[in-house]
Amino acid sequence: MDAVNKLLMIHGYNHDPDDPEHDPGRPGGNFPTWEGIFTESECIRVPWYSAIQFRDTFRALSNGHSTTYRYAYLDLVPKAVQSVLAIVDGLDEPADIVAHSLGTRVALQAVLARPVKFRRVLMLNGAEIERVAKPIIKANTGVQFLNIAVYEDDVLNYMGDRFAPGEGKKRCIGNGMPAGVRRLSNFDEIVLDDEDDYEFFLDRYGWNLAGDGPSAGDHSYSFLHDGNYELFRRFFRGDL
């Protein structure tokens, strides 16, 4: 097993560290949930203001964006990337990342800026657009990526691509990447609600993987279902 890794935790859209109701560090929030999963890692929180869906509409409009999501995608992600770079520039060894939803855009842009500072990137229900993510993954062969996708992620299917910049319908990475990317040596993908993936990991490891939650708002179910946890931990150990 590798030595204890530094794990940067990057949440997605609709968070405000200064608002107790939207703080990723609140009880039950992303940070304490991930810290409970990745107990073998030295977890480093990366809180960033990523706009609140309805509350910050006027702020988004004032900054020239029609939705708060576009505001986060274009204006707020770069600020979060700088926070990530400030952390990894102070580390002696390459770090790992777990990122959810729009946090995958932050993670990929950080890798693009400092590829030698990263080792493994776990992308959960990624909201980054496929055409943006693909060249970054392909160019950075020294970084290992695991994409955790969910075909029936309703948030990504019906909202993720439509509110992000771009013309027409653009596929998000959290709905699955094309075969060309899946063949890259530094990239693996597991689709949690794919029958073949489910059967493979159940037969080989006894894991009960799941990604399509019991309710329509299943965008976070990938890290709420404890049957997925050992898969995530093994990725960071390097023995998946």
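This is a predicted model: local features need pLDDT of at least 70, side-chain atom pairs count only at pLDDT 80 or more; totals for chains, interfaces and linings use all residues.
I take a salt bridge to be a side-chain nitrogen of Lys or Arg within 4 Å of a carboxyl oxygen of Asp or Glu. With that rule in hand, I counted 12 salt bridges.

**Entry 1: the whole molecule**

I began with the overall picture. The protein has 9 helices and 6 strands. Along the principal axes, the C-alpha atoms fill a box of roughly 50 × 40 × 35 Å. I also noted that 52% of the 240 residues count as buried.

Which residue forms a salt bridge with glutamate 42? I found lysine 6, with the closest N and O atoms 3.6 Å apart. Lysine 6 belongs to strand β1 (residues 6–10) and glutamate 42 to strand β2 (residues 42–46), so this pair ties together parts that are 36 residues apart in sequence. I checked the exposure of both partners: glutamate 42 is partly exposed at 41% relative accessible area, and lysine 6 is partly exposed at 28%.

**Entry 2: a bridge from loop to loop**

Next I looked at aspartate 89 and arginine 114, whose side chains meet in a salt bridge at 3.0 Å, N to O. Aspartate 89 sits in the loop between α3 (68–88) and β3 (95–100), and arginine 114 in the loop between α4 (103–113) and β4 (118–124); the pair links distant parts of the chain, 25 residues apart. I have aspartate 89 down as partly exposed, with a relative accessible area of 39%. Arginine 114 also counts as partly exposed, at 29%.

**Entry 3: a bridge within a helix, and its network**

Glutamate 230 and arginine 234 meet in a salt bridge too, 3.6 Å from N to O. They are 4 residues apart in helix α9 (residues 229–237), so about one helical turn separates them. Arginine 234 is partly exposed, with 23% relative accessibility.

**Entry 4: a negative patch**

Where do I see negative charge gathered on the surface? I see a patch made by Glu195, Asp196, Glu199 and Asp203. Is glutamate 195 buried or exposed? At 61% relative accessible area, glutamate 195 counts as exposed, because the cut-off is over 50%. I placed glutamate 195 in helix α8 (residues 195–205).

Methods:
Residues are numbered from 1 along each chain as its sequence is written. Side-chain values use heavy atoms; hydrogens and water are left out. Patches are made of residues with over 30% relative accessible area and no salt bridge: like charges are joined within 9 Å, nonpolar side chains (Val, Leu, Ile, Met, Phe, Trp, Tyr) within 5 Å. Accessible areas come from the Shrake-Rupley method with a 1.4 Å probe; for residues, only the protein chains shown count as cover. Lys and Arg count as positive and Asp and Glu as negative; His and the chain ends are not counted. The place of a charge is taken as NZ of Lys, CZ of Arg, CG of Asp or CD of Glu. Helices (H or I, at least four residues) and strands (E, at least two) are DSSP runs, numbered from the N terminus. Buried means under 20% relative accessible area, exposed over 50%, partly exposed in between (1.4 Å probe, protein chains only).
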